[in-house]
Amino acid sequence: MRHRGLLPVLLVLLSAALLPAALAPRASAAPEGQLTWAVHVSLAPTWFDPAEAPGIITPYMIYYALHDALAKPMPGQAMAPGLAESWSVSKDGRVYEFVLRNGIKFHNGEPVTAEDVKFSLERYKGAASKTLKERVAGVDTPDARRVRVRLKQPWPDFLTFYTSATGAGWIVPKKYVEKVGDEGFKKAPIGAGPYRFVSFKPGVELVLEAFEGYWRRAPQVKRLVFRVIPDEATRLAALKRGEVDVAYSIRGELAEELQRTPGLTLVPAVIQAPFWMYFADQWDPKSPWHDRRVRLAANYALDRKAINQALTLGHSKLTGSIIPSTFQFYWQPPTYAYDPPRAKKLLAEAGYPNGFDAGEYFSDTAYANLGEAAVDYLRKAGIRAQLRPLERAAFFSGFKEKKFKNLIQGASGAFGNAATRIEAFVASGGTYVYGAYPDIDGLFSEQAAELDQKKREALLQKIQQLVHEKAIFAPLWELAFLNGVGPRVGQSGLGLIAGHAYSAPYEDVTLKGK
Amino acid sequence: MKRYLLARAGFALVSLVLLSVTIFAFVRLTGDPAVLLTEPGASPEDLVLIRQQFGLDRPLWVQYGSFVAHLARGDFGQSFYYRTDVLDLYLSRLPASLLLAAVAMAFSLVIGIPTGVIAAVRVNGWWDSAGKIFALLGLSLPSFWVGLLLILFFSVFLGWLPSSGSGSLLHVLMPAFALGWYFAAAHMRLTRSSMLEVLGSEYVKLARLKGLPEALVIAKHALKNALIPVLTLAGINLVLMVNVAVVVETVFAWPGVGRLLYEGITARDFPIVQATVLLGGAMIVVVNFLVDVLYAVIDPRIRYDR
Amino acid sequence: MTGRALASRAAGLTVAWRLAAFRTGGFPLLPTLILVTLALVAIFADALAPWDPELGSLGDRFLPPAWQARGSLEHLLGTDHLGRDVFSRLVFGARVSLVVGFTAVIVAGVLGTALGILSGYLGGWVDQVIMRVTDTWLALPALTFAIFLAAIVGPSESNIVIILAAVYWTRYARVIRGEVLSLKERDFVRLAIVAGCSKRAIMRRHILPNVLNSAIVLGTLMLGVVVVAEASLSFLGVGVPPPKPAWGLMLADGKKGLMAGYWWLTVLPGTCIMLLVLSANLLGDWLRVKLDPQLRQL
């Protein structure tokens with residue numbers, strides 16, 4: 001009797017011992033040499049091709065891994081030599097010559113040549129491609145390592161546009177692209193970056209593997225996995241359970257929860273992405289927004305500090321400008337205090353003692369939380385607006401096509417300098433400009449032709465002062481992108497490149513203890 | 001039998017046609033279909049192009065014809081965001097939904113059938129009452145509410161289970177329970193009533209008269225027959241589960257077709273939405289037809305009846 | 001038994017079970033009280049709610065209910081992520097849910113009953129067409145269909161009512177048609193035909209009043225279903241748009257707070273939904289048995 005009883009007991013003990021192993025989440029048994037990111041947006045195949053750079057920073061998450069550029073922002077340098085080891089400008093400012101490094105290769109072993117550079121520039125069709133095409137006269141390739149870009153007119157911002165504001169300086173292999181075509185390239189991209197493409201499951205994950213022939217250094221982590229987890233709570237849950245090592249974009253109450261969790265670190269990165277409220281109707285004499293006092297009232301009605309604390313735990317940088325503070329030619333305006341009585345007074349002076357119906361407040365769904373908070377404060381001041389979140393693509397297109405009215409929550413994380421931002425958001429004819437002021441426009445065309453940097457700076461600063469005086473916008477903050485880092489990570493790459501939201505450069509990313 | 005099958009097949013076909021007509025009609029009903037069929041973010045020139053491409057200026061019946069022709073070829077359109085065929089996208093997410101549905105179904109049968117049997121055998125006992133409460137709640141509580149409560153309890157307070165996502169057995173437990181509770185109740189009820197019916201039948205009375213032990217009567221004779229309708233319902237419900245799991249999949253971030261529909265909605269990726277609805281509806285029609293066929297095979301009455 | 005017959009039978013068993021669970025053939029007092037209370041709350045929301053449901057104060061966000069540690073009596077049931085008072089939002093949410101629910105049920109009921117009568121009485125191709133459409137729509141899972149429609153027309157309170165009505169009228173049509181079919185054989189209808197009454201008159205004066213009972217019963221049962229559907233749609237973001245306080249929306253907002261332990265943001269709105277649905281279901285079941293004991297097949 002007793003013997004028969006032992007066997008079942010042994011079996012039970014055995015299964016009890018094995019059960020945890022059977023139930024253990026698969027991903028935490030990750031092999032050495034892999035790091036996994038939980039990404040907050042769904043990776044689109046168009047982001048594998050720098051020729052289609054949409055002017056937002058998100059695809060750079062991938063560019064920095066798969067591709068390399070002639071020059072690009074790196075730790076400590078806004079324009080560090082990449083595939084080009086040096087460059088020079090002709091005396092008349094019309095010809096830029098780039099010298100490529102020796103021995104640089106694409107993932108398929110092909111060398112990176114001047115032909116590829118010319119090809120990449122000419123096929124570029126992403127953001128600001130029109131500007132580029134208008135001003136570039138032609139590209140010459142005197143030899144395999146030298147590229148000459150000829151401009152129609154001297155253009156002081158050419159390097160900024162070429163190396164950061166557009167994807168034209170990110171180099172793709174001409175022969176390969178011509179062989180497989182644009183769509184084929186998006187299915188199996190090849191670049192000159194530190195990691196090569198392994199596989200992509202749309203909406204699920206992207207897998208990359210180290211390219212040991214990378215010129216700068218061989219990467220230290222063998223595999224990078226980017227898992228798409230758009231749901232914030234799930235991202236945090238995955239990070240907590242060790243299924244991922246870095247989680248992008250954890251905000252508000254979840255960020256607080258992350259901070260409370262032992263083993264996890266909250267890493268904020270203030271990025272070059274100011275957010276602001278755009279008064280689209282201010283040029284319409286019938287609109288309440290036409291009156292500068294109303295616009296000022298809106299500015300005083302917002303408690304930016306409280307919003308910052310609630311949404312980004314105080315890490316965002318409050319600002320009075322729509323231009324990132326790290327940009328060249330930046331002028332620092334004073335920030336607005338939270339002053340509801342003053343807001344009410346201004347509204348009353350303008351003729352709206354009981355407030356007014358302010359219509360709709362358009363925002364990107366990802367930042368609807370900011371919009372919600374802002375609308376709440378506006379409503380408390382009597383400015384009754386209705387939040388209308390739109391999915392990102394729809395939002396930016398509606399913004400561009402001037403389909404919106406009333407209030408728009410503008411934001412941009414694109415690279416560039418003060419002039420590029422003013423061009424896009426302030427000066428007449430700009431992509432996102434709903435109206436303009438002649439004095440600002442005058443100054444802007446002046447600075448575009450000005451070759452003397454100091455004079456140019458003065459002009460650009462004057463423009464920014466005018467923008468502030470006219471209260472064209474209600475600037476909110478420079479967003480702090482909050483990320484969570486797990487215990488396995490050594491160097492996460494977050495915050496290394498000034499203003500960049502994501503981990504980069506990838507070749508510097510390490511596992512703990514390595 | 002052949003006539004019966006032909007009739008059912010005809011009915012299924014008509015349903016499919018009507019399904020496509022309904023979807024087609026609604027898309028064109030609401031103003032400018034070009035807006036829906038174009039990527040959010042398209043310029044007015046793009047809209048003109050899309051109109052030409054889809055022939056939106058041609059007569060409606062021509063448009064419908066081309067719509068159906070595309071569907072027949074398996075062309076459900078391309079996702080704006082992912083730039084791949086929606087059919088591929090749907091099929092790649094279907095296994096996850098089927099897995100969830102399978103586990104939920106297993107749960108609902110494992111709980112539902114034995115409970116139903118016991119409730120039938122010991123009518124109005126303690127077990128019957130407990131079962132009734134369980135069923136009542138299962139039929140009335142919205143599944144996503146159950147899901148949220150489960151997360152609160154098992155993830156936040158107890159920390160035993162992961163709150164969302166997928167990738168291991170632990171991840172599927174809560175969503176499967178949330179999804180399956182309603183169906184567990186449905187299966188329990190059907191089992192009970194079916195069992196009661198069979199227990200009162202001549203066949204069983206005869207077995208009892210013969211002096212067979214009660215347990216054998218129940219297990220061997222009654223159960224087999226009682227289960228037929230239950231398992232059939234289960235088959236239909238499996239496909240239904242895949243379709244109604246939208247909210248549960250969203251709550252738990254489970255990467256199935258329900259979540260795909262949700263993504264399509266939030267990203268304004270209309271081809272995804274349209275395809276999910278079409279394919280979901282088509283699956284149901286097909287499964288219903290298969291069930292009819294199965295019945296024709298099993299139940300001789302039907303074969304000669306019509 | 002075809003699949004559909006099975007499903008009908010399974011659904012029909014619902015009544016017996018739900019009633020049996022409360023061991024009563026008697027009047028469901030508690031559910032009715034709950035429904036009446038919710039209705040009163042919805043009507044008098046302005047007076048009952050201490051705070052504006054759409055305005056909040058960031059400094060007061062995530063306050064727990066009054067009986068917990070950081071809670072305060074000012075915010076009896078706590079606050080949400082924007083500092084809005086939960087109690088006030090629940091109260092106004094009752095209004096939103098009930099208004100949307102009732103309106104959708106009534107519109108669906110009117111449409112479905114009318115079509116059911118036409119289909120059942122007129123027969124022929126009218127019947128065939130209506131029934132085929134009904135069957136197809138019934139085959140499509142309601143929620144998926146509703147989401148599809150919401151994707152097309154865009155979310156707004158009025159659109160939601162229209163969408164829900166469009167999805168659920170088929171439930172009525174089926175049942176009413178069945179009723180009408182049996183009514184057609186009754187003597188008083190036959191007499192009216194012989195007497196030369198026009199079809200329209202018969203439908204209006206003889207058929208309609210007799211199917212009203214079923215319509216009412218069905219309406220009560222559908223209320224629960226519609227409220228859950230609206231909550232699901234709002235939860236997914238295609239229902240009632242923010243900042244309106246719909247219960248489903250509150251669940252969606254509150255979901256993120258779950259991980260941080262802010263339980264009241266999901267438990268409380270969910271409980272409200274549950275109470276409404278359970279009560280409506282129990283009352284509807286009782287009504288069904290009371291008003292027409294023959295009504296088993298639904």
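Author: Before we start, helices (at least four residues) and strands (at least two) here are DSSP runs, numbered from the N terminus. And keep in mind that this is a predicted model.

Reader: What percentage of the residues in chain B is buried?

Author: A residue is buried if 20 or more other C-beta atoms lie within 10 Å of its own. Chain B has 306 residues, and the buried share of them is 49%.

Reader: And H9(B), is that helix covered or largely in the open?

Author: H9(B) runs over residues 202-209 of chain B. Of the eight residues in the helix, zero are buried, so H9(B) lies largely in the open.

Reader: Let's look at chain A. Which residues of H5(A) are buried?

Author: H5(A) spans residues 158-165 and is mostly covered, with seven of its eight residues buried. Those buried residues pack against strands E2, E3, E5 and E7 and helices H4 and H14 of chain A. By name, the buried ones are A:Phe158, A:Thr160, A:Phe161, A:Tyr162, A:Thr163, A:Ser164 and A:Ala165.

Reader: Where chain B touches chain C, which element gives the largest share of chain B's side?

Author: The contact takes in 53 residues of chain B and 49 residues of chain C. On the chain B side, the elements giving two or more residues include H1, H6, H7, H8 and H10. By class, that side has 37 nonpolar, 13 polar and three charged residues. The largest share of it, eleven residues, comes from H13(B).

Reader: Inside chain C, how is H6(C) oriented relative to H9(C)?

Author: H6(C) covers residues 142-153 and H9(C) residues 199-236, and they pack at about 50 degrees with axes 11 Å apart. Angles under 35 degrees count as roughly parallel and 65 to 115 as roughly perpendicular. That angle therefore makes H6(C), relative to H9(C), oblique.

Reader: Which handedness does that crossing have, and what class make-up does the contact show?

Author: The crossing of H6(C) and H9(C) is right-handed. Residues making the contact include C:Leu143 and C:Ile147 of H6(C) and C:Leu233 and C:Leu236 of H9(C). The class make-up is eight nonpolar, one polar and no charged residues.

Reader: How does H9(C) lie relative to H11(C)?

Author: The axes of H9(C) and H11(C), residues 264-291, come within 8 Å and cross at roughly 165 degrees. The crossing is left-handed. Since angles over 145 degrees count that way, H9(C) is, relative to H11(C), roughly antiparallel.

Reader: And how many charged residues does the contact of H9(C) with H11(C) have?

Author: Among the residues making the contact are C:Asn213 and C:Val217 of H9(C), and C:Gly284 and C:Arg288 of H11(C). By class, there are 14 nonpolar and five polar residues in it, and the charged count is one.

Methods. Residues are numbered from 1 along each chain as its sequence is written. Chains are lettered from A and ligands numbered from 1 in the order in which they are written. This is a predicted model: local features need pLDDT of at least 70, side-chain atom pairs count only at pLDDT 80 or more; totals for chains, interfaces and linings use all residues. Two residues are in contact if their C-beta atoms, placed from the backbone, lie within 7 Å. Ala, Val, Leu, Ile, Met, Phe, Trp, Tyr, Cys and Pro count as nonpolar, Asp, Glu, Lys and Arg as charged, and the others, Gly among them, as polar. Axes are lines fitted to C-alpha atoms, for helices over the stretch in contact, and angles run from 0 to 180 degrees between N-to-C directions. A crossing is left-handed if the near helix is turned anticlockwise from the far one by less than a right angle, and right-handed if clockwise. A residue is buried if 20 or more other C-beta atoms lie within 10 Å of its own, exposed if 12 or fewer, and partly exposed in between; C-beta atoms are placed from the backbone.
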